[in-house]
Amino acid sequence: MAGVDVPAHLPTVVAGADGVVRCRWASETGRDLIAYHDDEWGKPTRDEAELFEVLVLTYFENGLSWGTVFDKRDNLRAAFHGFDPAAVAAMTDGDVERMMADTSIIRNRRKIEATLHNARLLIEHSLARLAWKHQPRQHHRLRSWADGRMTSPESDQLARALRQAGFRHVGPVVAHSFMQTVGIENGHFEGCFRAVPPPRD
């Protein structure tokens, strides 16, 4: 998310009308993402359903804009039973066909089928355990747009671990975005009130 759709010459953070300094993308990328930035994005979580939701939405974004996914995420959440892994694992081919006819969601058969497949893997695997063991030991500082990156050594490792476990649509770019969104790796620019390195256990 860091730097998405923001011209490179602009400052990385900006003070809002409430006086709070935030990452610029929260308020100046064409839609109001302040609540998402403040309350969700980058907030550390080990909740399996929350982690699964972020992973799914991240690979659904491939080939699309985050805005498209963000606008449809409530509908995707409803279609995938709140991203409860057990409920998604129990979905059938009939559910896939129903979703393919649902114009309120992103209708990508491969990604829908991958989501059912990935949910079934979570019967045996903990996404929290798989993901958090790859938390960077050194905090990556985001001082300018140039410090942003699409992947990291840790996201390469996480993507490899997920693929070895059988997960689909989980390359290094997806893994890196996932890690930032769930607070495993910092994604907030310095100066933003949320730019605090996540704690290590």
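**Cysteines, a helix and a core**

Me: In this predicted model, is C23 buried or exposed?
Reply: Buried means under 20% relative accessible area. C23 falls under that cut-off, because its relative accessible area is 0%. The answer for C23 is buried.

Me: Which cysteine sulfur is closest to that of C23, and how many disulfides are there?
Reply: The closest cysteine sulfur to that of C23 belongs to C192, which is also buried, at 6% relative accessibility. The two sulfurs are 3.8 Å apart. A disulfide needs them within 2.5 Å, so 3.8 Å is too far for a bond. The count of disulfides is zero.

Me: What span should helix α6 have, and how far apart are its end C-alpha atoms?
Reply: Helix α6 covers residues 109–121, which is 13 residues. At 1.5 Å a residue, α6 should span 18 Å.

Me: Which elements do the buried residues of α6 pack against?
Reply: The buried residues of α6 are K111, I112, A114, T115, L116, N118, A119 and L121. They pack against three helices: α2 (48–61), α4 (85–89) and α5 (93–100).

Me: At the start of α6, which backbone nitrogen does a side-chain oxygen of N108 reach?
Reply: The oxygen sits on the side chain of N108. It comes to within 3.2 Å of a backbone nitrogen, that of R110.

Me: Which element gives the most residues to the largest nonpolar core?
Reply: This core has 55 residues, and F52, F60 and F80 are among those with the most contacts inside it. Elements giving two or more residues include α3 (66–79), α8 (153–164) and α9 (172–181). At least three residues come from each of domain 1 (16–45 + 127–182) and domain 2 (48–122). The most, eight residues, come from α2.

Me: Where is D38, and which residue's side chain does a polar contact join to that of D38?
Reply: D38 lies in helix α1 (residues 34–39). D38 counts as buried because its relative accessible area is 18%. Beyond four places in sequence, D38 touches R22, F193 and R194. The polar contact, at 2.8 Å, joins the D38 side chain to that of H37.

How values were computed. Residues numbered from 1 in each chain as written. Predicted model: local features only at pLDDT ≥ 70, side-chain atom pairs only at ≥ 80, totals over all residues. Heavy atoms only, no water. Buried < 20%, exposed > 50% of the residue type's maximum accessible area, 1.4 Å probe, protein only. Helix = DSSP H or I, 4+ residues; strand = E, 2+ residues; numbered from the N terminus. Expected span 1.5 Å × (residues − 1). Contact = heavy atoms within 4.5 Å. Polar contact = N/O pair within 3.5 Å; in protein donor to acceptor, adjacent residues only side chain to side chain. Core = buried A, V, L, I, M, F, W, Y, C linked by side-chain atoms within 4.5 Å. Domains from an automatic or database assignment.
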